[in-house]
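Subject: Structure for you to look at

Hello,

Here is the structure I said I would pass on. Please open it first, then read my notes below.

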Amino acid sequence: MNESRDLPWDGLLTHVQLVTLAGDDGYGVIEDGALGWRDGVLRFAGPSSRLPGEPARLAHETLSGGGRWVTPGLIDCHTHTVFAGDRAGEFEQRLQGASYEDIARAGGGIVSTVRATRAASEDELLAQSLPRARALLADGVTTLEIKSGYGLDFDNERKMLRVARRIGQMLGITVRTTFLGAHALPPEFSGRPDDYIDAVCQWLPQLHAEGLVDAVDAFCERIGFDAAQTRRVFEAARALGLPVKLHADQLSDGDGAALVAEFGGLSADHVEYTSEAGVRAMARAGSVAVLLPGAFHVLRETRLPPLDAFRTHNVPMAVATDCNPGTAPLQSLRLAMSLACTHFRLTPQEALRGTTAHAARALGLNDRGRLCEGMRADFALWDITQPAQLAYWLGGNLMAGVYVGGQRVG
Ligand code: NIG
Ligand code: FE
């Protein structure tokens, strides 16, 4: 008989410093810690001294972390990673004084990425998008949200969502898909935004039936859709039992945060112009504020999100890359953490919680984002000497191993 079959765990990682984020405050550091897992789920996360036996008698495979630091796998909870082409030309235009809104109104912006995305086959779109997802993974991301929104017709939105799912399968990470049909008005609906919203609401059930939609988002803004149109999209989502989130109050206060809160939404994202009343509505609804400092940085914004109000009202703050070709060509979640600290004055600990525990909540996932028994064995090893270094270094290769469900993926 193979005695090893009786071992309690599949894997055991020892000689690591754990950043568990287990409580509501602090890093939750466990020095000389260990992780044990079975069937992809953590069965032990604690000090090595409390291991219930000799390592060789506990797990089929035992790894030494060599004294490295371990965090929960990072969670990028807001991205537009699937798209074709790029918009470096608009970057140059903006540096010469054009605003993001000027460019959008002149037929560039999101709609120019729509043209490129529609022209790409599914395989071409995958080939262009995969390196970005790989870059995020190489910086510790184990759960990645990807939105549609550059197809803006049924077939192309479907193509984007299928590519997103394929990325998850190919990289062995979790990809959560968000339907963002209401991202911009496609040219064939020019002057008819309400008809377009009707179409978006009609596509949703079919896309959902194909298993392509985990959540629904919209761009509620002067250059996007108004509150009444956003509301219709949310009602279509609610009819299918799908959670909602929103690009809210990014360039102006459109009461987006209050609207998404009214629907019990997972998150309001961007939120630079969100009012105190909006923050209070989010607090009541339990919605997360997703901060996107990459877009703030690239657009050279000056209006800060209401950070103190989020803290005062206990609205959890997440941090994401917003990886997209227009406002945030950003392929590192750690760099987003750094930008959140520098621009928004988050502490490095808040930034890490924002890309783990709070990001999980922004995706409606309660099985990850912390290192505790019962959570998924999604974790990253880092060559650092203290957790603040994750947000301190701008770039650089700190990642020394990424595991999803106890399997090494990076
Ligand atoms: O999150 N604001 C709307 N959506 C994206 C930008 C998309 C784009 O410009 O391509 C954002 O910033
Ligand atoms: Fe976005």
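A residue is called buried under 20% relative accessible area, exposed over 50%, and partly exposed in between, using a 1.4 Å probe and protein chains only. At 42% relative accessibility, aspartate 383 therefore counts as partly exposed.

The conventions come next. This is a predicted model, in which local features need pLDDT of at least 70 and side-chain atom pairs count only at pLDDT 80 or more, while totals for chains, interfaces and linings use all residues. Residues are numbered from 1 along each chain as its sequence is written, chains are lettered from A and ligands numbered from 1 in the order in which they are written, and side-chain values use heavy atoms, with hydrogens and water left out.

Confidence

pLDDT is the predictor's confidence in each residue, from 0 to 100. The protein has a mean pLDDT of 97, with 99% of its residues at 70 or more. Helices (H or I, at least four residues) and strands (E, at least two) are DSSP runs, numbered from the N terminus. Confidence is lowest in helix α2 (residues 100–105), with a mean of 92, and highest in strand β6 (residues 74–76), at 99. The ipTM is 0.96 and the pTM is 0.97.

Iron site

Which protein residues are the donors of the iron ion (ligand 2)? They are His78 (NE2), His80 (NE2), His247 (NE2) and Asp322 (OD), at 2.1 to 2.3 Å from the ion. Donors here are N, O and S atoms within 2.8 Å of the metal (3.2 Å for Na, K and Ca); water is not among the atoms, so sites may look incomplete. Along the chain the donors have the spacing H-x1-H-x166-H-x74-D. Histidine 78 and histidine 80 are both buried.

Domains

Domain bounds come from an automatic or database domain assignment. Domain 1 covers 9–72 + 370–409, and domain 2 covers 74–362. Their C-alpha centres are 30 Å apart. Contact means heavy atoms within 4.5 Å, and by that rule 28 residues of domain 1 touch 22 residues of domain 2. Buried area is the accessible area (1.4 Å probe) that two parts lose on being put together, summed over both. Between domain 1 and domain 2 it is about 1,900 Å², with 62% given by carbon and sulfur atoms.

Salt bridges

A salt bridge is a side-chain nitrogen of Lys or Arg within 4 Å of a carboxyl oxygen of Asp or Glu.

Aspartate 383 pairs with arginine 68, their closest N and O atoms being 2.8 Å apart. This pair links distant parts of the chain, 315 residues apart: aspartate 383 is in the loop between β14 (379–382) and α15 (389–392), and arginine 68 is in the loop between β4 (59–64) and β5 (69–72). Arginine 68 has a relative accessible area of 30%, so this residue is partly exposed.

Another salt bridge joins arginine 118 and glutamate 188 (2.8 Å, N to O). Arginine 118 is in helix α3 (residues 110–119), and glutamate 188 is in the loop between β8 (174–182) and α6 (193–209), 70 residues apart. Arginine 118 is partly exposed because its relative accessibility is 25%.

Regards
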